[in-house]
Amino acid sequence: MSYDGHLSKRQRTDDGMLGMPGSMEKFDDPHKPAPSCVVHVRGLSESAIEADLVEAVQHFGTVRDVIMMPRKRQALIEFEKITGARNCVDYAQTSAIYVAAQPAFFNFSTSQKIQRPGDPEDTRPANHVLLFTILNPQYPITVDVMHTICSPYGQVLRIVIFKKNGVQAMVEFDSVESAKRGKQSLNGADIYSGCCTLKIEYAKPTRLNVVRNDNESRDYTNPNLGADQGGHRGQPLLADPRMGGGPTPYNGMVEEGPGMHDGPDFNRGGSGHTAHGGSGGGYGGGYGAGPSGYYEQEYDSGYGPGPSPRGAPYNGPPDRYGHRQDRYGPPQHYPDQGMMGPPSSSQQGAVVMVYGLNMAKLNCERLFNLFCLYGNVVRVKFLKSKEGSAMVQLGDGMSVERAILNLHNTFFFDNKMQLSPSKQAFLQDVMNPHELPDGTPSYMDFMGNRNNRFTNPEAAKKNRVQGPAKVLHFFNTPPGITAEDIEKIFEKAEVKKPMQVKLFPSKTERSSSGLAEFDNKADAVEALVMCNHTPVENPGSVAGKNPFIMKLCFSSAPIIG
């Protein structure tokens with residue numbers, strides 16, 4: 001791809017003389033370029049990606065293309081019409097435009113168009129070998145990944161991956177027509193949601209030279225290339241470990257089971273840092289390791305079948321579950337997650353689907369109050385496309401199982417809440433969430449929230465996990481609190497107050513605890529949802545400072561006496 005650079009400080013005038021300070025009126029000021037469909041962006045954050053730019057400026061006009069210059073923290077945005085570029089630049093003169101939560105600088109570019117290979121103006125000849133540049137490669141890129149996304153468009157003969165200038169790959173198709181189809185369909189798409197964006201151009205070589213078959217190069221016309229010709233080793237004793245399963249006798253190809261997807265399975269575990277979710281923060285420790293720190297977008301993209309808009313995930317026709325079942329067909333579609341589901345280390349993801357919610361009463365924090373009893377809550381998102389539905393990302397798959405086991409079909413706020421595991425492993429970050437009826441955002445990130453109760457093995461062991469009951473155990477309340485004070489907390493939250501409250505004898509003067517029994521299970525659930533983590537004034541400090549955070553959980557012990 002190419003674009004015009006900025007005008008130099010010294011430019012030739014029409015008469016051949018170099019423009020000097022006294023003759024600046026003879027040519028345009030390089031710092032004030034003429035209006036153009038292309039806008040130059042500076043001062044981007046290191047984490048900014050194309051999708052962030054499109055989201056930040058799309059309301060000014062339709063975006064035709066985006067080119068990132070990550071090392072310079074700059075980018076070019078081409079609008080379809082110059083009015084879109086004018087609207088963007090004019091707005092930026094008086095107000096800040098935020099890209100990935102950081103203000104950036106916008107001005108017209110000296111380019112009139114972003115030149116792309118394949119455009120009518122592009123003189124580069126079509127070739128059956130494509131050069132892929134993978135932008136923002138947050139997951140490993142292997143020949144299996146490239147073969148999975150390219151094979152639907154024609155027979156793939158050879159693949160070579162190299163990492164001299166970032167992550168790039170060359171894919172040799174059987175014909176120019178196959179390469180054209182692949183380039184047209186895949187250019188600008190994301191392999192995984194929000195990352196691994198493909199930029200494709202025709203390569204110069206007409207044939208790839210593959211020395212051996214491994215994760216970074218493969219000749220599909222010669223499957224034994226590079227194999228040890230001396231001393232045949234025979235087949236292995238065990239099949240490659242997949243999805244964290246136990247040892248499996250080798251019988252050729254391992255069959256796919258539920259939750260597996262085309263392409264390699266990368267063991268991510270529950271720790272480490274990703275551009276999608278940051279550190280695992282202890283959510284994937286030895287007490288139930290699983291994927292954490294991921295994102296997911298709701299299945300509400302609006303893109304129809306066929307090539308998706310530039311920078312948007314591939315959206316081929318999925319089955320009714322959003323997955324492809326044929327191993328060697330087109331790439332599996334995971335709704336709004338790119339062409340492939342994110343690499344996972346467990347068969348079950350960490351997201352639970354929640355249905356049947358009373359939207360007049362619930363929001364992200366109140367769902368957090370309920371689900372935190374069964375695992376670390378990472379993110380909560382209410383779906384705009386389906387009223388009364390939400391998605392909750394927990395710390396690991398085991399937490400999802402606990403939540404479903406204990407909360408499925410729970411009745412509260414006149415609705416029956418139903419849960420099911422999501423086929424998606426993470427929740428995609430939502431930059432501009434819509435508002436819920438109570439005015440709060442429909443998406444919240446609870447990563448690292450102090451009120452999560454499974455942040456390490458020691459904390460996890462203290463939780464007595466059980467399903468809803470009509471008795472609540474309250475703790476971390478101020479010393480000296482009375483039963484009347486507890487009743488007032490529930491009354492203030494506009495839920496039914498408990499029939500009786502019992503305070504436990506305090507073992508320390510630091511805090512107090514006890515039980516609150518309600519008339520029925522639904523009343524107790526509503527009280528917990530509304531009052532869990534309520535700040536309670538500390539009588540020993542200045543009003544409003546250092547309050548106690550009252551914590552609630554269900555108790556199986558009834559109040560006696």
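Predicted model: local features only at pLDDT ≥ 70, side-chain atom pairs only at ≥ 80, totals over all residues.

Trainee: Okay, in what order do the six strands of the open sheet run?
Mentor: The order is E17-E18-E14-E16-E15-E19, and the pairing is antiparallel.

Trainee: Which strands stand at the edges?
Mentor: Strand E17 (410-412) and strand E19 (443-445). Each has a single partner strand, so one side of each is left without a neighbour in the sheet.

Trainee: And by how many degrees are neighbouring strands turned against each other?
Mentor: By 20 degrees on average, direction ignored.

Trainee: Let's zoom in on E14 and E18. How many bridges there?
Mentor: Four, in the antiparallel sense, between E14 (residues 351-355) and E18 (residues 415-421). As for residues, Met353 stands opposite Ser420 in E18.

Trainee: Now the helices. Which strands does H5 lie across?
Mentor: Helix H5 (residues 364-371) lies across E14, strand E15 (377-382), strand E16 (390-394), E17, E18 and E19. Its direction is at about 135 degrees to E15.

Trainee: Which strands does H6 lie across?
Mentor: H6 lies across E14, E16, E17 and E18. Relative to E18, H6 runs at about 150 degrees.

Trainee: Back to H5. How many of its residues are buried?
Mentor: Six of its eight, so call H5 mostly covered. The buried ones are Cys364, Leu367, Phe368, Asn369, Leu370 and Phe371.

Trainee: What happens at the start of H5?
Mentor: A side-chain oxygen of Asn363 reaches to within 3.2 Å of the backbone nitrogen of Glu365.

Trainee: Which residues touch the most other members of the largest nonpolar core?
Mentor: Phe371 and Phe382, out of 54 residues in that core. Helix H9 (residues 521-531) gives the most to this core, with seven residues.

Trainee: What is Phe371 in contact with?
Mentor: Leaving aside neighbours within four places in sequence, Phe371 is in contact with Val352, Val354, Val377, Val392, Leu394, Ala403, Leu407, Met417 and Leu419. There is also a second, separate core of 27 residues, with Cys150, Ile161, Val167 and Val171 among them.

Trainee: What about Ser399, buried or exposed?
Mentor: Ser399 has 2% relative accessibility, so it counts as buried. Ser399 is found in helix H6 (residues 397-407). Beyond four places in sequence, Ser399 touches Tyr374, Gly375, Asn376 and Leu394.

Trainee: Switching topic. Is Arg158 buried or exposed?
Mentor: Buried, because the relative accessible area of Arg158 is 7% and the cut-off is under 20%. Arg158 is found in strand E7 (residues 156-162).

Trainee: Which side chain makes a polar contact with that of Arg158?
Mentor: That of Asp219, at 3.3 Å.

Trainee: On to rings. How many aromatic pairs are there?
Mentor: A search of the whole structure finds five. In one of them, the ring centres of Tyr139 and Tyr192 are 4.7 Å apart with planes at 75 degrees, so this pair is edge-to-face.

Trainee: Where do Tyr139 and Tyr192 lie?
Mentor: Tyr139 lies in the loop between strand E6 (129-135) and helix H3 (143-150), and Tyr192 in strand E9 (residues 190-192). The pair therefore ties together parts that are 53 residues apart in sequence. Tyr139 and Tyr192 are both buried.

Trainee: What about the rings of Phe412 and Phe413?
Mentor: Their centres are 5.6 Å apart and their planes at 50 degrees, so that pair is tilted. Phe412 is buried at 4% relative accessibility, and Phe413 is buried with a relative accessible area of 7%.

Trainee: Last one, E6. Which strands does E6 pair with?
Mentor: E6 pairs in the antiparallel sense with strand E8 (residues 167-173) over six bridges, and with strand E10 (residues 195-202), also antiparallel, over six bridges. Val129 has Glu172 as its bridge partner in E8, while Leu135 stands opposite Thr197 in E10. E6 is mostly covered, with six of its seven residues buried.

Conventions: Residues numbered from 1 in each chain as written. Heavy atoms only, no water. Helix = DSSP H or I, 4+ residues; strand = E, 2+ residues; numbered from the N terminus. Buried < 20%, exposed > 50% of the residue type's maximum accessible area, 1.4 Å probe, protein only. Contact = heavy atoms within 4.5 Å. Core = buried A, V, L, I, M, F, W, Y, C linked by side-chain atoms within 4.5 Å. Pairing = 2+ DSSP bridges. Axes fitted to C-alpha atoms, helices over the stretch in contact; angles between N-to-C directions. Polar contact = N/O pair within 3.5 Å; in protein donor to acceptor, adjacent residues only side chain to side chain. Phe/Tyr/Trp six-rings, centres within 6.5 Å; stacked < 30°, edge-to-face > 60°.
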